[in-house]
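Dear colleague,

Please find below the structure that I am handing over to you. My notes on what was found in it follow directly after.

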Amino acid sequence: MIQLSAPQPAWRRLAGIAAAGLLVATVAGAQTGAQAAPDEAEVEQVADVGSVTAQLAVDEISSSPNLRQIANLPKQAPFDTLSALGTDVAFQGPFAYVGNYEGFTIYNIANPAAPKIMSQVHCPGSQNDISVHGGLLFLSTDSPRSDDSCASTGVPSSQTKWEGIKVFDISNPVKPEYIKSVQTACGSHTHTLVPAKDKESIYLYVSSYGPSDTYVGCSRPHDSISIIEVPVKSPTDAAVVAMPNLFPDGGYTNTSGCHDITVFPEKDLAAGACMGDGVLMDISDRAAPRVIHSVRDTANFAFWHSATFNNTGTKVVFTDELGGGSGATCNPTIGPKRGADAIYDIVDGKLVFRSYFKIPRENASTENCVAHNGSLIPVPGRDVMVQAWYQGGISVWDFTDSANPTEIGYWERGPLSATQRILGGSWSAYYYNGHIYSSDIQKGFDVLEIDEESIPGAKTHHYTRLNVQTQPEY
């Protein structure tokens, strides 16, 4: 885990770090209550970590027989440096929209085996979490900036001028247009798109954290989220309409906001991964979400990172990003219960723990590996998920039996280096219309195919749009 001298994530200091460096981080254990640095990593030169015997050679590919890569499109300039980290993915029609610390890329995936770049927008600002709705694209900026333009520069948190949500018109995928910004308290680490019941507006639940007394616009306490309302017909009128406090009695130790929220609009439910707490929310009033139950895992969870419902909205999978995404946690020392997934059943409106799941493969000490972004695969009658594990690769696993989850497929690359730990691997791995798409931090855009027998019936479901944190009912 990256240990910080001040209570703020490492990405707050990216502005002053050289772009060509390498990552170093160690994980001493769960260290419940300590502030992790989720998702982002310091990019700096490190000493040789010593001779390491990896399961795979550098860049060697291994997979189960039912999962295979059919395409890779490497990062393109100016998104091709070590510090230009590939991040989250959204889908609409024949397009995939992929975030990067330098901006975002629109890919045409009409032919999954031959994705093509339609456009790239250079608009720096970590971590550029992304969602789409019709002709609109929303981009999260969670690093202090000199202004709200795409030409802004990073500044110290004590000099923050702007951070929050940027809105783009993507009606023409070849030439996106920046049309609006909305500043939010503590920026926007991630955001979740929530359709209004009348369909006249969409809401964005903005998750952010890491307050400090000297951080402009992000002072303590910060136990809230920001809610932006975007009128569909007049998106330039988008504005913050609420800042509900989710933890009026205080969260657990390191909770000071949320990292990510997944909504299940058809059931008026949301699941929040809020640093030290996992929460279940009633969102029947979209502008006033209400926590109805919260859980803590002081033994095995270090950082509640993200959440995924099953298809019926009766289960939630929470992920623990032990080590902040930069640590080597897939090894016997860390074990199978930390840096893992936790499966909870929803029973009478409460979250009830059932089991943990972690990939069974041991990774080298040069590989950052921990549970990260995934999505449900629409298999009728079963609960199946595909998930990114950074350099642990991509796992497809079944949690139909909440107490006994099992892996049914995997694909992974060997380490980026045999002697140094360089931040890399799959940030997000999502299923969309018959294929798995992965945003690899360093290697670019991957497309994988899984045998239909492993996910029977899934390929009969067709999406027109998929923002993974806005979970549809199949």
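The side chains of Glu412 and Arg361 form a salt bridge, with 3.5 Å from N to O; the term stands for a side-chain nitrogen of Lys or Arg within 4 Å of a carboxyl oxygen of Asp or Glu. Glu412 belongs to strand S26 (residues 406-413), whereas Arg361 sits in the loop between strand S22 (350-357) and strand S23 (374-377), so this contact ties together parts that are 51 residues apart in sequence. Strands (E, at least two residues) and helices (H or I, at least four) are DSSP runs, numbered from the N terminus. Both Glu412 and Arg361 are buried; buried means under 20% relative accessible area, exposed over 50%, and partly exposed in between, with a 1.4 Å probe and protein chains only.

Please note that this is a predicted model, in which local features need pLDDT of at least 70 and side-chain atom pairs count only at pLDDT 80 or more, while totals for chains, interfaces and linings use all residues. Residues are numbered from 1 along each chain as its sequence is written, and side-chain values use heavy atoms, leaving out hydrogens and water.

A second salt bridge joins the side chains of Arg413 and Asp440 at 3.4 Å, N to O. Arg413 lies in S26 and Asp440 in strand S28 (residues 435-440), so the pair connects parts that are 27 residues apart in sequence. Arg413 counts as buried because its relative accessibility is 13%, and Asp440 counts as buried at 6%. Salt bridges with shared partners also join Arg68, Glu449 and Asp451 into one network.

In the whole structure, the search finds 14 salt bridges. One of them is between Asp268 and Lys197, at 3.3 Å from N to O. Asp268 is in the loop between strand S15 (260-264) and strand S16 (269-274), and Lys197 is in the loop between strand S11 (190-195) and strand S12 (201-207), 71 residues apart. Lys197 counts as exposed because its relative accessibility is 53%.

S15 and S16 also belong to an open sheet of 4 strands, in the order S15-S16-S17-S18, with antiparallel pairing; two strands pair if DSSP finds at least two bridges between them. S15 and strand S18 (290-295) stand at the edges with a single partner strand each, so one side of each has no neighbour in the sheet. Within the sheet, S16 and strand S17 (residues 277-282) pair in the antiparallel sense over 6 bridges. Ala273 stands opposite Gly278 in S17.

Yours sincerely
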